[in-house]
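Q: I would like to learn how to read a model with two chains. Please give the general idea each time, and then the case at hand.

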Amino acid sequence: MRFRKLSLEQKNRYYGLYFILPWFAGFLFLFIVPLLSSFRYSFSNLQVTNDGFSLDFIGLSNYREALLSHESYVRILTESVVDIAVNTPLIIIFSLFFAVLLNQRFRGRVLARAIFFLPVILASGIIASIENGDLMQSVVRSANDTTGGGLSIMKNLELAVLLIESGVSMTFVEYLTGAVSRIYEIISQSGVQILIFLAGLQSISPSLYEAAKIEGSTGYEAFWKITFPMISPLILTNLVYTIIDSFISDETSRLVVDTAFKSYDFGLSAAMAWMYFAVIALVLWITTSLVSRKVFYQD
Amino acid sequence: MKKETAAVQRSTKEKLQQRMASAAYWFEFVKKWMWMTVRFVLIFGISFVIVYPILLKLSIAFKSMDDLYDSTVIWVPHTMTLDNFKLVFKAMNYPHVLLNTLLLSSAVMLLQTVTCVLAGYGFARVKFRGSGFLFAGVIFTILVPAQTIMVPLYLQFKNFDLFGLIELIEGEPANLINTYWPFIISAALGMGVKTGLYVYIFRQFFKGIPREIEEAAYVDGAGYFTTFTRVILPNAVPSMVTVMLFSFVWQWNDSFFTNMYLNEPKVMSSMMASSGYAIATFLSGGGQAETASYVQDPFFMSMMMNTSVLMSILPLIILYLFVQRHFVESVERSGLVG
């Protein structure tokens, strides 16, 4: 009966609520409630018993344990943050560069794109973790290096010497050569980013480039004056995505899981996870507030 | 007339010759080819880096025991053999695991897509006080790492109850750990792997559809739900394909939730983590004395691990070969970029 007084548009707005309902139920019961109870667990000592579990409030001692007396939490957490600070710019630059390349017309573009998006499908922590400690693969690799004369380490050294002699600062050289040797890691994390950038590049109107060309701009200028500003909102999106994605699959999260399900210290694990979340939020807040000032929105 | 065209043609030919004589033409020519070469080298090189691990696994998987200790064999084995595949096939209980994974991933994919389409449309069209706040909730679910809510979720599914209903009927809350229900429930309620992202994609897409289309449908007498199913959904097919692909693949690869909810390795991603153990017990158990000694051989076990990883990603790669074109195109059309 109340609906009779509303206009069609107002009525439809309320219908829209039904569409959100399933998601909202999940949000409430599988997100907000666990989030709050996880917060509560982090302040208590949780014991699993036969009929459920028992909680004793122990104040901040879980946090104190994680920060002050846990043997590796602080170290691993700092390592993850440093890793992200190092890798994220590389991933963004790499994926933007290759998205621009893959957006050009050339023969075999379909095949190249297909290969570049393979990491989206195969990027999974478990495959990587198996690969790292694999004996057979390292045997083949070392055999390759000696027989093929590839000497990949040497090449890296030459590049480093060249750069240092030409007056580039030492830290930057180390950063670059480190990036070269971690190329697989960077590629495997940048599949989705390339996809997003590529979609963004497709949506830039060709008339902009046409106008620029008539005015006599070079391809280099067109990139910095047209492509880069037009795609800058997506740089922000990709930045956020990269940071979240790398936080989800790193050592710290493994430690949090192990603390919960291997040593059954649920309270400590919750405390670790909350501090971890706080660090992620801080990193995200700093980066977005730095970058979003430079982002160009067309409208 | 004929004369005139001939004259014009000659002049264009001359012009071309003149252009070819100038340095700028050749400069442009060389520049273009240089760029093409550089681009080819870059793309080829990176493609090689991506494909290299798969090639390596393929090469290892086809090797026999003799090739393993033959120092002349690096990439191409002397005797191609399918023994590794057969062994892993049996040890991992492959057909069973494959079927489980396929069913679980497909079910999760369908449920997630339905929920996220609905939620995305709702968020794109609903406007009331606090709707912005609700959408901030979606972003929040993307930002909060799953590890933070892992323990309560686990306990919740261990003592699962719907407002005390199950306890009333069964006498005790249901234990859903080691069943597929946690995946189904969280997918249907839009809280599965990276679901916030899918809601975001759909919302961006539906925001791009002009309201006039819906208004035209209302004028023609369609109701709200008919408009959604008959007018809006057919338009959303590209972004639905994107979301379906992503959710299938990510569910397939997800090892975090599968390891948490399933005690026994029933699906591919948890199988991979424990495949070494499974193969070892298969080889040493069951009175197979001649194969038991292989277990001590690290090279052999590593070969087995490589084969098992290859076999677990093989279905995905085959799937990718078929949908790869669609994958790239649909993301471009899905309105992911707003």
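Q: Over residues 232-252 of chain B, what percentage of the chain is helix, and how far apart are the end C-alpha atoms?

A: Helices (H or I, at least four residues) and strands (E, at least two) are DSSP runs, numbered from the N terminus. Residues 232-252 of chain B are 95% helix and 0% strand, with 29 Å between the end C-alpha atoms. This is a predicted model, in which local features need pLDDT of at least 70 and side-chain atom pairs pLDDT 80 or more, while totals for chains, interfaces and linings use all residues. Residues are numbered from 1 along each chain as its sequence is written, chains are lettered from A and ligands numbered from 1 in the order written, and side-chain values use heavy atoms, without hydrogens and water.

Q: Where does UniProt place the feature "transmembrane region" in chain B?

A: UniProt positions are given here in the numbering of the model, with feature names shortened, and annotations may be inferred rather than shown by experiment. The unreviewed entry lists residues 40-62, 97-121, 133-155, 180-201, 232-252 and 299-323 of chain B. Of these, residues 40-62 are 96% helix and 0% strand, and their end C-alpha atoms lie 31 Å apart.

Q: How much area do chain A and chain B bury between them?

A: The size of an interface is often given as the accessible area lost when the parts come together. Buried area is that loss (1.4 Å probe), summed over both parts. Chain A and chain B bury about 8300 Å², 80% of it on carbon and sulfur atoms. F19(A), W23(A) and L30(A) supply 11% of the area that chain A buries against chain B, more than any other three residues. In terms of contact (heavy atoms within 4.5 Å), 92 residues of chain A meet 92 residues of chain B.

Q: How many salt bridges are counted between the chains?

A: A salt bridge needs a side-chain nitrogen of Lys or Arg within 4 Å of a carboxyl oxygen of Asp or Glu. The count between chain A and chain B is 1. K194(B) and D245(A) form a salt bridge through their side chains, at 3.3 Å from N to O. Helix α1 (residues 8-41) of chain A gives the largest share of the side of chain A that touches chain B, 23 residues.

Q: Is I280(A) buried or exposed?

A: Buried means under 20% relative accessible area, exposed over 50%, and partly exposed in between (1.4 Å probe, protein chains only). I280(A) is buried because its relative accessible area is 2%. This residue lies in helix α15 (residues 266-291) of chain A. Beyond neighbours within four places in sequence, I280(A) contacts F247(A) and P145(B).

Terms used
Buried area = accessible area lost by both parts, 1.4 Å probe.
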